[in-house]
Amino acid sequence: MAKKSVIPYGPQHPVLPEPIHLDLVVEDEKVVEAIPSIGFIHRGLESLVDKRDFNQMTYVAERTCGICSFQHGMGYCEAVEHIFGVEIPERAKFLRTIWAELGRMHSHLLWLGLLADGFGFENLFYQCWRIREKILDMQEMTSGGRLIFSVNTIGGVLKDIPADMLRTILSTIDEVEAELKTVQKTFLNDYTVQTRLKGVGVLTQDQAHDLGCAGPFGRASGINTDMRKLGYAAYPYIDFEPIISSDGDSYARCECRIGELFQSMDILRQAIAKIPNETDLATPVKGNPNGEYFMRVEQPRGEAVYYVKANGKPYVERLRIRTPTFANLPGLCEMLKNTELADIGLLILTIDPCISCTER
Amino acid sequence: MSVMNFAPEALKNLFKKPVTTGYPFVPAEYPERSRGHIEISIDDCISCGMCVRCCPCGTLSVDRIKGTWTIDRYDCIACGYCVTKCPKKCLFMKQGYQEPGAEKASVTYTKSPEVLAAEAKKREEAAAKAAAAKAAKAAAAAEKN
């Protein structure tokens with residue numbers, strides 16, 4: 001039996017987009033255990049509830065993460081709206097859905113680019129990010145921010161998307177779809193890509209279930225979980241089914257996310273077709289929130305949980321954010337067992353880690 | 001499964017124009033709604049301080065007597081909350097991002113001397129009116145006694 005040794009991996013590493021540290025216990029080139037440690041970029045956002053009132057916290061919440069920013073803001077607003085017991089206007093629900101799906105598309109395209117970079121396909125990485133740029137332009141056109149939208153407010157949304165902008169979104173997603181099909185062919189059919197992804201980092205359905213994996217990472221292992229099915233925003237009016245794969249390897253995760261990109265385009269088309277013509281965008285709320293609520297939203301990386309407890313004062317008593325990467329870290333450590341040391345960088349990427357979200 | 005199926009795309013890209021633009025030599029184009037930075041139409045401001053109270057990062061300050069509105073642009077997160085809260089709608093988001101600088105300095109906007117003089121006159125009138133009302137009230141109370 002080979003001698004065991006420990007290799008520190010991260011927090012500064014060329015392949016890691018964000019700082020996570022892993023102590024890899026290796027036998028020769030084989031990893032036998034991975035021990036994670038986080039806490040390098042803790043910002044104390046949750047404790048800001050003492051200093052910012054519940055309206056200001058909307059802007060703090062959506063800055064938890066740069067990539068799933070809109071969904072963080074939406075999760076917090078939905079939680080506070082439930083505490084107030086207000087029903088937001090129908091158009092605002094559809095607008096939230098449209099922005100959420102645009103956010104999901106740009107996040108998945110970013111991930112595809114990083115994955116391509118991870119397995120050394122630079123050209124594919126450029127193409128994914130080139131396509132993503134179109135989505136970012138849509139986000140800037142509709143909300144004013146390329147990544148941070150700042151359109152959510154307690155009771156609805158602050159900005160409308162007029163009909164001409166909705167038409168532009170439709171024509172842009174047609175272009176994106178055509179370009180994505182070219183990229184999809186390479187990701188799913190190319191021999192070199194398959195050699196790097198197939199059978200690498202397998203997490204079985206039972207393991208994923210026991211470890212509570214969320215989002216595309218869990219769905220790629222065959223777990224049928226999608227918080228959009230709980231029916232927040234306008235998702236009850238949209239016809240869609242979670243994209244599930246049963247292989248549980250890196251290829252399945254890639255396949256799942258590419259499937260979700262096409263699904264997001266479909267959801268966008270349905271939402272734009274069904275959006276009601278209303279002028280009202282936000283229901284005004286009076287007073288301060290009093291009560292607690294546990295909101296679950298489906299972010300691009302998986303299920304995020306927003307727990308808000310308020311006590312009738314302008315400052316919320318407790319805000320707890322559980323992000324999908326935090327739920328997926330045990331799955332990552334399990335998946336890394338018995339893998340080659342050379343695959344570690346790629347495998348960490350396959351869970352789409354967002355460490356700054358996780359540490360808040 | 002196929003081999004080198006991205007090669008046609010890569011070859012096509014050799015003969016296409018670059019997707020990137022030549023910023024800063026080519027000026028950036030911003031959409032109409034772009035939240036670049038905050039501007040103020042200072043003469044319309046009533047120095048109510050609503051923007052100061054609502055700012056999530058505490059970057060604004062207002063001096064009613066001096067007629068100034070100060071922003072530390074390096075602290076501002078361009079969320080636009082002050083713009084939605086301003087009762088006189090004198091704050092607005094403008095295209096173009098804050099330029100980098102060597103020092104973290106704040107910018108102060110001061111009202112024009114005419115507006116300041118008019119406001120001072122209004123304040124004096126209001127003070128005189130209040131003093132007159134107080135004197136009348138005191139006189140009425142004295143008469144009653």
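1. Domain bounds here come from an automatic or database domain assignment. On that basis chain B splits into domain 1 (31-111) and domain 2 (112-145). Taken over C-alpha atoms, the centres of domain 1 of chain B and domain 2 of chain B are 32 Å apart. Keep in mind throughout that this is a predicted model.

2. Next, the interface. On chain A, 21 residues are in contact with 20 residues of chain B. Four helices of chain A each supply at least two residues of the side that touches chain B: H1 (56-61), H4 (122-143), H5 (163-189) and H6 (191-197). H4(A) gives the most, with six residues. By class, this side of chain A has ten polar, six nonpolar and five charged residues.

3. Now the sheet in chain A. Three strands form an open sheet, in the order E6-E7-E8, with antiparallel pairing. Strands E6 (290-299) and E8 (318-322) of chain A stand at the edges; each has a single partner strand, so one side of each is left without a neighbour in the sheet. From one strand to the next, the twist averages 10 degrees.

4. The pairing of E6(A) with E7(A) (residues 302-311) is antiparallel and has ten bridges. One residue pair to look at is Tyr293(A), whose bridge partner in E7(A) is Val308(A).

5. H2(A) lies across E6 and E7 of chain A and runs at about 150 degrees to E6(A). Helix H10 (residues 324-335) of chain A also packs on the sheet, where H10 touches E6, E7 and E8 of chain A. The direction of H10(A) makes about 130 degrees with that of E7(A).

6. H2 (residues 69-84) of chain A also pairs with H3 (residues 90-118) of chain A. Their axes come within 8 Å and cross at roughly 145 degrees. From H2(A), Phe70(A), Gln71(A) and Met74(A) meet Arg96(A), Trp99(A), Ala100(A) and Gly103(A) in H3(A). By class, that contact has four nonpolar, two polar and one charged residues.

7. Which residues touch the most other members of the largest nonpolar core? They are Val80(A) and Val308(A), in a core of 119 residues. H3(A) gives the most to this core, with 14 residues. In soluble globular proteins, nonpolar side chains tend to be buried together.

8. Finally, the surroundings of Val80(A). Neighbours within four places in sequence aside, Val80(A) is in contact with Phe54(A), Ile154(A), Pro289(A) and Val308(A). Val308(A) is also the bridge partner of Tyr293(A).

Conventions
Residues are numbered from 1 along each chain as its sequence is written. Chains are lettered from A and ligands numbered from 1 in the order in which they are written. This is a predicted model: local features need pLDDT of at least 70, side-chain atom pairs count only at pLDDT 80 or more; totals for chains, interfaces and linings use all residues. Two residues are in contact if their C-beta atoms, placed from the backbone, lie within 7 Å. Ala, Val, Leu, Ile, Met, Phe, Trp, Tyr, Cys and Pro count as nonpolar, Asp, Glu, Lys and Arg as charged, and the others, Gly among them, as polar. Axes are lines fitted to C-alpha atoms, for helices over the stretch in contact, and angles run from 0 to 180 degrees between N-to-C directions. A nonpolar core is a set of buried Ala, Val, Leu, Ile, Met, Phe, Trp, Tyr and Cys residues joined through C-beta atoms within 7 Å. A residue is buried if 20 or more other C-beta atoms lie within 10 Å of its own, exposed if 12 or fewer, and partly exposed in between; C-beta atoms are placed from the backbone. Two strands pair if DSSP finds at least two bridges between them.
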